[in-house]
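Keep the viewer open as you read, and follow along from one element to the next.

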Amino acid sequence: MFSIRILLVALAALLMVFIPSHVESCSTFQVRQGDEIAYAHNLNQGDLGIPGMVYINKRGMFKVGRTWEEITTLNPERASELTWISRYGSVTFNGFGLDFIDGGVNEAGLFIWEMGEDAEYPNDPEKPALSQVNWMQYVLDTCQTVEDAIQRAGEVSIDGWGWHYFVGDASGKTASIAFIDGKPLVHSGDAMPVPAMFNSPYDWEMELMRYYDGFGGQYSCEVDDPRVPRFVRYQRLMREMKPSDDVTKYGLMMLRTLKVHDEPEWSVLYNEKTREVCFFTRLNPEVKTFSLSDIDFSNDSPTQILDMDEVKPGNLAGVFCIFHAGCRQAVYPE
């Protein structure tokens, strides 16, 4: 156990050193056409080759929270005292292991993802503590709507490095959640007219957009120009979307377009109407799909996982393997 803790501490130190904020170009946004809604995310980290796993998390599971400090230090001053039972099953995309997620969607259609940004998390000794990766799983386990997720933002003290968060639900409601001066700063409803987030404060993105052609300004706005802010390019792409465009196909095109200089490490899209999840990676750019409707989220069966760099494109129904220490490569059914 001691050697494992040492390894985790070393890994955390390497991540903090070798993933500087200037290479982060993450994107999360809504794609909407009539009553069809999709949510999409790009994870960019400067072509560092971030490995990841897809997890199928079950409902009705007892969970024990963890702070980032207790995961990464030998003698943490504060451990999490929060426990809960998952109300909803979820599919998550994880770089750190079970319940330590980068983002995902639950069976109620609630979608959450992170983007790198400066943050001052709450540090209230009267509230239970969680790492920011564990907090997102807590949201997916216990929340159905954007309003539920906003409430969770004020219930715990969070530790970890700087992230802000995009949340969207099955009704199409969205929210940006940042943490400033130790308190949640939320944009939702009329305060979030553009349902997209990147790596800058939401108010700053809205202000900058006014300087570009088509939004009140004169600066040129080409969707494939990496010098144009992705927030502005997103708006331009949504304005160009035709009623005949398929939401999933258009969203996948947007993911490939809304990059900066490097190819995204991971790209994920979830369609609320079809319940289909699509993803591809920099190492394997062919699209893989599966449907939440095909997943058994009951706790009658074990947690299942899949390597995100799985080489076979197409529908991955039945390809996930049971979560255990030696499971990484999928075994395809005959």
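## Cysteines and ground rules

Cys-221 is buried, with a relative accessible area of 3%; buried means under 20% relative accessible area, exposed over 50%, and partly exposed in between (1.4 Å probe, protein chains only). Cys-278 also counts as buried, at 3% relative accessibility. The structure holds 0 disulfides, a disulfide being a pair of cysteine sulfur atoms within 2.5 Å.

This is a predicted model, in which local features need pLDDT of at least 70 and side-chain atom pairs count only at pLDDT 80 or more, while totals for chains, interfaces and linings use all residues. Residues are numbered from 1 along each chain as its sequence is written, and side-chain values use heavy atoms, with hydrogens and water left out.

Let's start with an open sheet of 7 strands, whose order is 14-1-2-15-16-17-19 and whose pairing is mixed. Helices (H or I, at least four residues) and strands (E, at least two) are DSSP runs, numbered from the N terminus, and two strands pair if DSSP finds at least two bridges between them. The edges are strand 14 and strand 19 (314-315), each of which pairs on one side only. Helix 6 packs on this sheet, where it touches strand 1 (27-33) and strand 14, and its direction makes about 15° with that of strand 1. Axes here are lines fitted to C-alpha atoms, for helices over the stretch in contact, and angles run from 0 to 180 degrees between N-to-C directions.

Within the sheet, strand 15 (residues 266-271) and strand 16 (residues 276-281) run antiparallel and are joined by 6 bridges. One of the cysteines turns up again here: Cys-278 in strand 16 is the bridge partner of Leu-269.

In helix 5 (residues 202-209), the buried residues are Tyr-202, Glu-205 and Met-209. Seen down the axis of helix 5, its buried residues fall within an arc of 60°, so they line one face of the helix; the arc is that of the directions from the helix axis to the C-beta atoms. As background, an α-helix has 3.6 residues a turn, so residues three or four places apart point the same way. The cover over the buried residues of helix 5 includes strand 12 (174-180), strand 13 (183-188), strand 14 (196-197) and helix 6 (230-240), where contact means heavy atoms within 4.5 Å.

Helix 6 has 8 of its 11 residues buried, so it is largely enclosed by the rest of the structure. Those buried residues are Arg-230, Phe-231, Val-232, Arg-233, Tyr-234, Gln-235, Leu-237 and Met-238. Strand 1, strand 14, helix 5 and helix 7 (247-257) are among the elements that cover them.

## Ile-37 and its surroundings

Ile-37 lies in strand 2 (residues 36-43) and is buried, with a relative accessible area of 4%. Not counting residues up to four places away in sequence, Ile-37 touches several residues, among them Val-31, Ala-170, Val-247, Tyr-270 and Glu-272. Glu-272 is 235 residues from Ile-37 in sequence, yet the two are 5.6 Å apart in space, C-alpha to C-alpha.

## Salt bridges

A search of the whole structure finds 11 salt bridges, each being a side-chain nitrogen of Lys or Arg within 4 Å of a carboxyl oxygen of Asp or Glu. One of them links Lys-63 and Asp-99, with the closest N and O atoms 3.1 Å apart. Lys-63 lies in strand 4 (residues 62-64) and Asp-99 in the loop between strand 6 (90-97) and strand 7 (100-106), so the pair ties together parts that are 36 residues apart in sequence. Both Lys-63 and Asp-99 are buried.

Asp-225 and Arg-227 form another salt bridge, with the closest N and O atoms 3.1 Å apart. Asp-225 is buried, with a relative accessible area of 16%, whereas Arg-227 counts as exposed at 72%. In the salt bridge of Lys-259 with Glu-263, the closest N and O atoms are 2.4 Å apart. Lys-259 is partly exposed at 24% relative accessible area, and Glu-263 is partly exposed at 39%. Finally, salt bridges that share partners join Lys-63, Asp-99 and Asp-141 into one network.
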